[in-house]
Structure formats: C-alpha cells, structure tokens
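Work through the exercises below with the sequence and the model side by side, and try each task before reading its solution.

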Amino acid sequence: MSTDKKKLKVATTSLAGCFGCHMSFLDIDERLFTLLEHIEFDRSPLTDIKTVSPGTDIGIIEGGLCNAENVHVLREFRQNCRILIGMGACAVNGGLPAQRNHLPLTTILEEVYHTSPGLSNGMIPNDPELPLPLNKVHPIHEVVKIDYFIPGCPPSGDAIWKVLTDLLAGKEPELGHGLMHYD
Amino acid sequence: MSHTFTLDGKPVPFTEGQTIMQAASAAGIFIPHLCYHPEFKPHGSCKLCTVKVNGRHTASCTMRAAAGMVVESETEEINAERRALTQMLFVEGNHFCPSCEKSGNCQLQATAYHLGMMSPHYDHFFPNRAVDASHPEVLLDFNRCILCSLCVRASRDVDGKNVFALSGRGIRTHLIVNARSGKLGDTDFTLADKAAQVCPVGVILKKRQGFAVPIGERRFDKAPISATAETTEER
Amino acid sequence: MALNDMHAEAVAGIVDRVVARWRRDPTCMVQILREVQEACDWIPPEAIDRLQVTLGVPRTKIEGVAGFYSFLYTEPRGQYRVLFSDNITDRMQGNRALMERLCANLWVERGKVSEDGLVSVGKTACTGLCDQGPGMLVNNMAMGGLTLERIDAIADLIRNKVPLADWPADFFSIQDNVCRADILLNADFKPGEALLAARARAPSDGLNASNMRSWREGLPSGIGGPAATLDEIKRAGLRGRGGAGFTTGLKWEACRNAPLKAGQQRIVVCNADEGEPGTFKDRVLLSRCPDLVIEGMTVAAYAIGATRGFIYLRGEYRYLLDRLNAVLARRRSENLLGRDICGLPGADFDIEIHLGAGAYVCGEESALIESLEGKRGTPRNRPPFPVTNGYLDQPTIVNNVETFAAAALIALNGGEWYAGIGTKHSAGTKLLSVSGDCARPGIYEYPFGVSVRQVLDDCGAGDTQAVQVSGPSGICVAEHEFDRLIGFEDIPTAGAFTIFNNTRDMFQVARNYVHFFQHESCGFCTPCRVGTSLLKNLMDKLHYGSGSPYDFAEIEKLNQLLQSMSHCGLGHTACNPVLDTIAKFRPAYDKRMMQQDFTPAFNLDRELSAARQMTGRDDAGAHLATEHGAQS
C-alpha cells in the first residue's frame, strides 16, 4: 500500500442489524491506525455524519432490509459508493431478523400491537415519520448490487481486516479456514 | 488386482467396483460431497461431488472408476459450479447459521467454507417450513433440510424402520415421517437409530444438547472439512 | 364418530377391491393409488391406513409416491377436478379466458377447491391435444376444442352434479387428424401378420449373424426366427423414435444377451408417456393402429426372449385405457398374446397397461421403470442401463410407441425394404405432431429427410417466425433454417412440430417452457430442482419489465450450470428453449431488459403492502420507488 495516494473515503452503516459487526470492526484494534493512513470515514456511526458524500470509495453495510428506511439508506449508499461491501450474516442472508419471514407481517403486527397489552394503546402506529416494515426481511444483495461480502455473525475483526487489506492491495478478498465463518 | 486413474494429474489406485469417490477417499483425497456417506449406497443427488471424467461432468460418488480415466476435480471451473450448487442449497431452505445448533459441525456449512462461498448470491426462497418437536428426545427442523436422503437410507437400510421418506416433487420435495399425524413423536424413531446420526445439517437434533461445544472447539473450527476424507459424524 | 367409522369402512372396502385387482403387489402402487383415487376422488388418510396393512408397506413409501405425481391428491380436490392444458399452443388458443370464465361461472378461485367441495379448477402441462385445443382434463378424461359455449355448458353440468358418464359424448370426442399418411399410418395390416412373418423368417444366415445364447435360454428351442428378426431390425437401421435415436437393434441385442438370474425374465416396455409439450402422435398411433404397436412389442419380445410387457400410458390418455385393454383381450383370444403365441410352444408373452399420473419425467426410461415398480419417478443412476438392469433388476427394453409400430412393419416387410425409405442415417418415416399457427394442424407422416419448409407448406403455415421441433427439449428453428431436414443427421425429433407466426413473442414461448420444466423437475438433484425455479423467477422478472443485463447474465450462467451438473435429460435440456431463443430471437429479450442497472429481485413497493394495509397509510413515505411493473 503506498502512502502518498489519496486516502480512500469509506462510509459505513447498520440497517436491520445489531451493530455487532461495527463492534467487531473496532476489534481490529490498533490496526485502525494503519487503516486510517489509507482511508478516511465519511457517513458512519463512527463519525456521526448523516449522509453519504458522492464519490465515496467504499460503503460497508451491516444488516439486512426490514423496513422502507433501510431500503432508502441502502440505495443512498449504492448511489454514492464505488464499491459496496455487505458485512455480517444479516446483510448476507437477512440473518436473525429474517427468521420472522415464515410469519405473515399482519400476524406479527397483530400479535405485537393488538394481542399483547401495553403497546400503543392497542393501535398499530401509523405516524408518517415511522418507516413501514417490509413483508419479509431481505438480504441486501436482493435490492442493490453488492460487490463483496464478509460473512460472519459477526465477522471477526481479523476477517474484516483481511477483506479490507485485500481490497486495498487490489486483490480479490479471500477468507481461509478460521476466518471464514457464518456464525 | 489394482488399477489406477488420474485425479488432477495424480495417479489414484482403485479396486474393481470402486467409485471415483471411494478410491479418492481411500487415497486421502477430498472431493466435496453432501449426500454421499461411505456407509450407504451412493445416491448421486446433491451433485456437489461432480468431477469431469475425460472432459464430461459426472457425479464421482456414483461413477465407477476405470483404468486410465482422466479425472479433474479441484479446478477453478468445477469449484465455481460446486459453489453455485451450495448457494442454491442455501437459498432453497432457511439456513441461519448463528442460531443453528449444528453450526461448526455442519457439512453444508463446512463445504461452503471449503468452496469459499462468501454469500448465497441467489435470491432467497424463504420457504415456510415447520419444526417438529413432538418427539421426546429429538427435534426435527425442516428449515435446514437439503434432501440428501441419508436419514431415509439409514432408517430403511440399517434400522429397518422406514421412519423417513421424501415426498412431493421438484422444488416442493420434502421430508416426511412415518406417521399418519406426520409427527416424529408418533413413530418408532429412537435416538439409538442410525438415522439419528447421519444428518449432515441441522435437521435431526438431539434435544437438550444445543451448543454444547463452545465456538472454536467444534469439529470444523478445528480443521476444515477437506482435512478429513472420513465424513461420519462426530458427536 | 360413527360416520367416520362408516367412511373408513367404505374406504377400506374400496382399497381391498383395488388391491386385490392388482394382486396385492406393491410394485403396482401407482396403479393402486390411481384407482383408489378414481373411486374416492382423492386418496384419504384412511385409504393409506388400509394400504399400509394390505400391502405391508410403510406409510412413508405410500405418501412418498402419492406426493410425487401431479394427478394423485392426498387432499380433497373436489368431486370434479378440472385441469386446463397450459401448453403454449393452448395459450395461443385462448385457454386463459376459458379458465377465467369457468372459474367465474363456478365461483371458484383458480387452484382452489370450491367452498362446497364440489369442484376445483387448475392447470396442467400439455395434454397432447395441441391440434384440437384448447384442451382440458376433467377427472383425467380429456376434452378438446373448448369454446366459451362449451365451457358454459360444462359449468352447468358441474353445478347440477351430472355424473361425468352422463355428459354429452361428443364433449369427449378426440380426433386423429391424420393429414399425411405413409407406411405406418397407411399400413394395411392384419393382426398377427408380422409375427407370422417373423416366425417364418428363420434362415441359417440369420442364425449365424446373431448371438444365439439368449434364445437358447429363453426362447422356444429350435426356432431361428428370433435371431433373424433381430437381424432384420438391424438391417432396417431402425432408430428410437422417442428423440434420442438410439439404434433399436443394438438395444434389443444388448437386452437379449444380458444374462438372466434365477427367476428373472426379460421385459418389453412401450413408452407411451408422451409428455413432451406439442407431441401427440403416440396418442394417434394408439387410437388408430393399436394392433401395429402391440404386435411390434410382441415381435420385440419374440426377438429378445421376453415374456412380460408393459405399456406405460400417460395419465392424460386415460380415455384410451379401456379401448387398449379391449385390444389386448382380443389379441389374447386370437392367440396373439398369452401362452404359445401363434401356436409356437413356449412363446409366452403378455402385456399389462400401467397409467402414468402426471409426471413428465417418467418419459425418461429409467424414471419410467421406477414408476412401473410403484415408486417415485426419479431417474436412476446409469450405468447400469435398463437393458441389463431394468424393471425389477431384469433385462428390459424401453422403446417408443412409434418404434414398436415401425418394428412390426419391419418384421412384416423386411429390413431392406425399410432401410430404403428415408435417408442414409435415418431410415423409415417419422410422424410429426403439427400444431400452432397453421391451417391444418394434425399428424403428418413423412419419410425422413423432409425439410422444415416442406412441412410448413403442407400444413398451410404462412408468415412463420419459428418452429419448435421436438418440443421444449428439442430445438427452436428460425426462418433462415427452414431448409434444414428432419432426420438424425440434421434435426432429430421425437415428433413435436410447433409453429409460431410473426405475431408471436418468442420470449413468451421460452417462458412458458421454462415454467413447464420447473413444474416437472423431479427434485432429485440440486441443480435442476433449484435451478429451474431460479430460471423461472428470472424469466418472470424479465416478463414483468424489471429485467436488466445483470439478470440476463444470470440466466446464461444458470443455463450452463443446468447443462453441466444435472442428473438427467430434463435438467440438461431445460434451458434449451431459452438458449435457442436468446441466440435466434435476441430482440425479444432486449425489449424486456428495460432497466440498465441492477434491479431488485422483487417488487419493493409491494413489499410494503401488508404494513400499508395494517396502518391505513398511503402517504409518500408508505411507498417505495420500484422498477417492477404490475406483478401477478
């Protein structure tokens, strides 16, 4: 990696995820400093920047799509990032949230708001400010083109480091035994 | 009398009647597979073990070895095709590894690791499949079934019980159990059955035993699936 | 409770009667289930209870078989079960409007059973009535030439619960529509002639030319006829008419030479599971010249030393069953079947008809044998091949209906005569099932070597864009190829010849065929089971106007995977219609790739439908921009 190159702009977000992958991202520990010699963060929970700048080089998406807002954010990333990386099991196949998929959404909403007491006075919230949930939770590659994936729940810091450094080195990312995990 | 064929350029000895898979395993060479199990009659349905024999695709678990055969297995092309099949199996069912007790001991997962499957690629079917908890000792989670029919063969050929069978056709093919209620609890299935030990994925699970081995110490945490030609379950 | 007991008792009575008729033989499972269903309208759990006991087979096996075949129901489907044929030709003839009309008339939703349990209306694969469509099946009985008036009349009959047997007979009349006849369809053939000719043909050179082991073992001693007959078949250069074109003489010889274990016998199977969409010539052969076909089977039995035969008749041709059984009975009475045929001591051969139950894959010979054995119709691993390890592990030949008919004529007139007809590598004639956009659809028998253009001229096709030869698993021939010839050296065919004029959308043709293969995949192997479904979804995505070049590339990759990794011919050929139409009718695809960029796999806005309904919202935030058109 040459240091005199312009730093790559990286944006990250968590959609229908638990931020566990972001925690894992921080697990690359002191290597973050090395990384920061090559990249700078744009929109990310780490910077608190709220929109993705056009011309961002790499977007890293944690989580799948469970509601309309997730879709908007994902599309914003796709529009503004040259490379999109899906990070973690939920981005890859919907993960834990997608385990609601065998239930009809109507049943879920009824159970949560009508049957169980104490929520929203027995009404399903309909404030336009709230994003509507999708009928099913979907992995992100079903809605926009995703260039790379880092599987894992969460992927280890080492796995994330490996994929990012492979990419920075212009190589096809590869995770060998030990780094490749779906759980 | 022993003959040889070549597998990826290396001579592999075989005895009369052996399949390519059997000869390769005996020689310590790993060919990915899911529906094949050394103790049962080869089935040839998952197609993960497909190799090229003299340039033609064929399942190595059902193809008898012959002297002078030129077999290709570990090529970029074939592994890409195997990866695609694995991805098909992932999107066809509901495979959520983080919440599966079999994770780390699962052949589907380990095979996908071996093939470098970074994502399932295809659009998910998210089928609606049931879980059967009716049996006192065993849980059936059909979400993970890959239709390898190993339990069918084990129950029929070893246990003599016919507890399992495949029904339906095409994409609606599914596992059924031998009871009018359709519940495992109403069959004569027991934990001692061979069929209880052969599931390569997380469909047939012993109850009250989940996640007994910590992450890092499970079968395929310790060694990749390719490191062992033997595929019988470690429990 | 008492009612339930009575019901169970009645069902048990039916089951016992059916099981007794099939000799309590579990290998007849498909036939037993089919007949139980004919009596009960479905296969109730009580029937399976009883079958378990009387046949001594586990429930899993019974349910596994019942679940495989489209025409066997383990849930009630109504007293009247209407299935509209949904081949591309039925579509072109307007079957959709008819189906909607019937559903509206009967207040029933497509695919569901009416609330009173009276009727269900659904669709099924090609019923082999393409020349007289649209077609349909009511309780597996075929009807063609449907019109709105006919549909209204049928709705009245169903509403009034008129038994099927009392419906007007002309509703069920099926035409042969023979438009061009040659040696087969013109044959002035008297039952028994071919057998007598075969018996008479026992010269010594015939004896020397063939392997003699099997006839010494399994055939009347001292008779040279069998070997000589086999020689004639070889001399004729007869090749299988089911599409693959394997040399019939070689197949028969391999079977004849296969060793028999103790208690085994050789088997002759007639493959009348004519499931390839657009093919209906076997229906006409069986209806017009059944004796020729059955005699051909008997000649085969004579040549290879077989004592048992089967006709595997597709379930859609149920209406032919009783007629064919009558022909078999007559031939037994004429000593052309049964023991000591034609007075030849030890020449024993008899035929049983097994009916399919809605599974295209059973046209594949090893799947057909599995079905004959009462199992799920899953193609076997090969080798071993049926000629050595076929029906119940016995040496078995499986040949097409037309092959047997030709064999009978060869036995009668000699191989030389036959070899002189057609071309060098394709001896004899071929029956073509002509349908689609032409003035005179029907059966055309030509010597091999006829050009596509000649057939088009003869049947009055104008403005032709393409011809699908040999059905979806065959090839799609475009205008610049119309001078190509029908024959094994150019365009081999099982007989379908489906014509599309310039108003037809070849993408929709391919999409219809992709749906067909998805429905008919047996589910055994991963690539075909999942791949055909993925392919169907992608073709539908293109159809709904949301396809992009990315999806197109995915289709091409899937095609390749299906071809290389599938277990049997179904998977290998499932992508043929797509590959052909992409190569030859690319604009039909380009027109559909309306999106430049990657598009979602599903309709995003529709993914919010449940939430919109539950919250009553319809504001801008309650919608998502989507590239998808309206989806069904």
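Residues are numbered from 1 along each chain as its sequence is written, and chains are lettered from A and ligands numbered from 1 in the order in which they are written. The model is predicted, and local features need pLDDT of at least 70, side-chain atom pairs count only at pLDDT 80 or more, and totals for chains, interfaces and linings use all residues.

**Exercise 1.** Work out the order of the strands in the open sheet of chain C, and find which strands stand at its edges.

Solution. Begin with the terms: helices (H or I, at least four residues) and strands (E, at least two) are DSSP runs, numbered from the N terminus, and two strands pair if DSSP finds at least two bridges between them. In chain C, 6 strands make up an open sheet with mixed pairing, and their order is S5-S11-S10-S14-S12-S13. Strand S5 (178–180) and strand S13 (475–478) of chain C each have a single partner strand, so they stand at the edges with one side left without a neighbour in the sheet. From one strand to the next the twist averages 30°, where axes are lines fitted to C-alpha atoms and angles run from 0 to 180 degrees between N-to-C directions.

Next, take the pairs one by one. S5(C) runs parallel to strand S11 (residues 442–447) of chain C, to which 2 bridges join it, and Val178(C) has Ile443(C) as its bridge partner in S11(C). Strand S10 (residues 429–436) of chain C is antiparallel to S11(C), with 6 bridges between them; here Thr429(C) stands opposite Pro447(C), and the two strands form a hairpin with 5 residues between them. Strand S12 (residues 464–469) of chain C is joined to S13(C) by 4 bridges, again in antiparallel fashion, and Val467(C) is partnered there by Val477(C).

**Exercise 2.** Decide whether Val82(C) is buried or exposed, and list its contacts beyond its neighbours in sequence.

Solution. A residue is buried if 20 or more other C-beta atoms, placed from the backbone, lie within 10 Å of its own, exposed if 12 or fewer, and partly exposed in between. Val82(C), found in strand S1 (residues 80–85) of chain C, counts as buried because it has 26 C-beta neighbours inside 10 Å. Contact requires that the C-beta atoms of two residues, placed from the backbone, lie within 7 Å. Leaving aside neighbours within four places in sequence, Val82(C) is in contact with Leu102(C), Val119(C), Ser120(C), Val121(C), Met136(C) and Val138(C).

**Exercise 3.** Find where the buried residues of helix H3 (residues 45–55) of chain C lie around its axis.

Solution. The buried residues of H3(C) are Glu46(C), Ala47(C), Arg50(C), Leu51(C) and Leu55(C). Seen down the axis, they fall within an arc of 140°, so they line one face of the helix; the arc is that of the directions from the helix axis to the C-beta atoms. After H3(C) comes Gly56(C), which has a positive phi near 65°.

**Exercise 4.** State how many residues chains B and C each bring to their contact, and which element of chain B supplies the largest share.

Solution. Chain B brings 29 residues and chain C brings 31 residues. On the side of chain B that touches chain C, the largest share, 6 residues, comes from H2(B).
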